[in-house]
Amino acid sequence: MRTSLLPGMLDMLAYNLNRGTDDVRLFEAGHVYEADGAGAAEPKQICFAATGSALPVNVNRPSETRSMSFYDVKGDVENLLSSFASKTLHYDTEVAGYFHPGRAARAVLDGTVVAQFGQLHPDVAGARKLRQDVFVAEMFLGPLYEHELREPRYQALPRYPAVERDFSFVFADGVVFEQIERAINKLKLSELRSFAPAEIFRGGNVPA
C-alpha cells in the first residue's frame, strides 16, 4: 500500500540510467493510500520525472544541448494547469523534504495545493546512486479535477498595436516575482495584457 508514487519512479529512473540511457522522461498515474480517520483514502496522483538533456539532439541541432532545470519542469506543470479554469494560481516553497531547497515549489490553484515539483534533494539522489540531477513533479488529481477544463474563447485583436514599456523597481532581496505578480494582478488593469521580468540587477549602488 504505497503512500507515494515517487519511490517507484526513482527505481525506474535508476533502471534506465544503469543501462546507459542518460536522457530519461517518465510518468505514472495511479492511486496512493492515505489515512482518513478510522479508514483509508485512495487519492489518485500523477508523478513525472526527467533527467539529462532538456533538448533532444537531431539533424538541426547536432550538438546543442543543455541539461534539464527547475524551469523546465515548472513549464511542464504550468502547461498542464493552464488547461483548467481557475481564478488564481500562485507558487510557494512549502514542499516536502525530498526536494532540493531553493529549487522546488508548490502550485496552489484557487487556494488548494494541486502539485509540487522541483529538483530531487541531493541526499536522496545520492542514497539511490543517481549521479545526474533529477527533476520530479507530483500532481494531486483530486483537488485538480474539482476545476472544470478551461473553455477556449475567441478574443478580437485590439484595434491599435500594443505598447511595450520597461519599468525598474527596487525590492528587498527576499521578494520573489510571484509576490510582485500577485500584487499587480490584484489591480485588475484592463489595459495590461502581459508582463514579465526582463533582468535582475544586484550589487553596485543598489542595497540588499
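1. Asp 92, Glu 94 and Arg 106 are joined in a network of salt bridges. A salt bridge here is a side-chain nitrogen of Lys or Arg within 4 Å of a carboxyl oxygen of Asp or Glu. This is a predicted model, where local features need pLDDT of at least 70, side-chain atom pairs count only at pLDDT 80 or more, and totals for chains, interfaces and linings use all residues. Residues are numbered from 1 along each chain as its sequence is written, and side-chain values use heavy atoms, with hydrogens and water left out.

2. Helices (H or I, at least four residues) and strands (E, at least two) are DSSP runs, numbered from the N terminus. Arg 106 is buried, at 18% relative accessible area, whereas Glu 94 is exposed, at 54%. Buried means under 20% relative accessible area, exposed over 50%, partly exposed in between (1.4 Å probe, protein chains only).

3. The whole structure holds nine salt bridges. One of them joins the side chains of Arg 202 and Asp 173 (2.7 Å, N to O). This pair also links distant parts of the chain, with Arg 202 in the segment after α5 and Asp 173 in the loop between α4 and α5, 29 residues apart. Arg 202 is exposed at 58%; Asp 173 is partly exposed at 47%. Another bridge joins Glu 151 and Arg 153 (3.7 Å, N to O). Both Glu 151 and Arg 153 are exposed.

4. The largest nonpolar core has 22 residues; Phe 48, Val 77, Leu 81, Ala 107, Phe 117, Met 139 and Leu 144 touch the most other members. Such a core is a set of buried Ala, Val, Leu, Ile, Met, Phe, Trp, Tyr and Cys residues joined through side-chain atoms within 4.5 Å. At least two residues each come from β4 (44-51), α2 (70-81), β6 (99-109), β7 (112-120), β8 (134-140) and α4 (141-144). The largest share, four residues, is from α2. Apart from this core lies another, of 18 residues, including Leu 17, Val 24, Val 32 and Val 136.

5. What does Met 139 contact, leaving aside neighbours within four places in sequence? Its partners are Lys 44, Gln 45, Ile 46, Phe 48, Val 77, Leu 80, Leu 81, Val 114, Ala 115 and Leu 144. Contact means heavy atoms within 4.5 Å.

6. His 147 is in the loop between α4 and α5. Is His 147 buried or exposed? His 147 counts as buried, at 15% relative accessibility. Not counting residues up to four places away in sequence, His 147 touches Phe 84, Ala 85, Ser 86, Leu 109 and Asp 110. His 147 and Ser 83 are 64 residues apart in sequence and 9.7 Å apart in space, C-alpha to C-alpha.

7. Phe 169 also needs a look. Phe 169 lies in the loop between α4 and α5 (177-187) and counts as exposed, at 60% relative accessibility.
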